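Work through the exercises below with the model open. Try each task before reading its solution.

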Amino acid sequence: MTDFTDITYEVDNGLAWITINRPERYNAFRAHTVDELVLAFKRAWGSDDVGVICLTGAGDKAFCSGGDQKQRAETGDYGPSQSGLFEVEALHRVMRDVPKPVIAAVNGIAIGGGHVLHVLADLTIAADTATFGQNGPRVGSFDAGLGSGYLARVVGEKRAREIWFMLRRLSAQEALDWGLVNKVVPAEQLRAEVRAWADHILQFSPTALKVLKQSFNSDTEHFVAIGNMAYTTLKMFSESAEAKEGIAAFNEKRQPDFSRFRGN
């Protein structure tokens, strides 16, 4: 597990740290990044040395800024992957299915697909410098299913719609007030706080935790199927002029003009 390029993986006294290691791209993920994340979660799943998993980002600016839009602009997709597929749905699946608690340590911006990753974690601890929000409608994208429907279960319908329709950027304190995170700590204390939570959890029965996690997930499992259907739509939508206007505007650092698509 030492040949990763886009992430790092380390285990320390029962806690697996999975770190997205692309700070020059604000820890945005390309297809290869997603492949490595899926493999790391599976390795933690099968390891007797791991009882808790933490997902975080390298540096102090970003947890994860979602899909790599520069890569998308350069190649028209998120780059090559081992299977030939962009396995982000598999990443969502393994985060939910891994029978061990997953903590998101949000050390900076959690935007777009990165915001979805922290929402899918069982627990979120945020640095006081963290920010949260969505970006899809600005760049011609969306996340139906877990990224929206499950989000509404977490923060409520009105606030979930505000996050998506208004693209609100929430501070760490606002995210705490909305129930989007479990705790906010000074940035320099983030890793220590995760360590403390993990040590507490590691005292408990792993089978009990596994069944509890499966029980929590069962109530929202239908969002996975909705997300799969929506991902099919997203792949087709990404080839449209509307979506291309969003990504072009993002890379040209201008406001997109979606006005001609409102009658569709």
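**Exercise 1. Is Asn-27 buried or exposed?**

Two notes come before the solution. The model is predicted, so local features need pLDDT of at least 70 and side-chain atom pairs count only at pLDDT 80 or more, while totals for chains, interfaces and linings use all residues. Residues are numbered from 1 along each chain as its sequence is written, and side-chain values use heavy atoms, with hydrogens and water left out.

Step 1. Set the cut-offs: buried is under 20% relative accessible area, exposed is over 50%, and partly exposed is in between (1.4 Å probe, protein chains only).
Step 2. Read the value. Asn-27 has a relative accessible area of 0%, so Asn-27 is buried.
Step 3. Asn-27 belongs to the loop between β2 and α1. Helices (H or I, at least four residues) and strands (E, at least two) are DSSP runs, numbered from the N terminus.
Step 4. Check the backbone. Asn-27 is not a glycine, yet its phi is positive, near 55 degrees.
Step 5. Turn to Tyr-26, found in the loop between β2 (14-20) and α1 (31-46). Tyr-26 has a positive phi of about 55 degrees and is not a glycine either. Its relative accessible area is 42%, so Tyr-26 is partly exposed.

**Exercise 2. Find the strands that pair with β7.**

Step 1. Apply the rule: two strands pair if DSSP finds at least two bridges between them.
Step 2. Take β5 (residues 102-106). Four bridges join β5 and β7 in the parallel sense. Val-106 faces Ala-126 of β7.
Step 3. Take β10 (residues 183-185). β10 runs parallel to β7, with three bridges. Ala-127 has Val-185 as its bridge partner.
Step 4. Check the cover. In β7 (residues 123-127), four of the five residues are buried.

**Exercise 3. Classify the ring pairs.**

Step 1. Use the cut-offs: rings of Phe, Tyr and Trp (its six-membered ring) pair if their centres lie within 6.5 Å; planes under 30 degrees apart are stacked, over 60 edge-to-face, and the rest tilted.
Step 2. Count. This rule gives three aromatic pairs.
Step 3. Tyr-78 and Phe-86 are stacked, at 4.4 Å centre to centre with 20 degrees between the planes. Both Tyr-78 and Phe-86 are buried.
Step 4. Phe-142 and Phe-237 have centres 5.8 Å apart and planes at 40 degrees, so this pair is tilted. The pair links distant parts of the chain, 95 residues apart: Phe-142 lies in the loop between α5 (136-139) and α6, Phe-237 in helix α11 (residues 222-237).
Step 5. Look for a cluster. Phe-29, Tyr-78 and Phe-86 form one.

**Exercise 4. Which ring does Arg-191 lie over?**

Step 1. A charge sits over a ring if NZ of Lys or CZ of Arg is within 6 Å of the ring centre and within 35 degrees of the ring normal.
Step 2. Arg-191 lies over the face of Trp-17, 3.8 Å from the ring centre.
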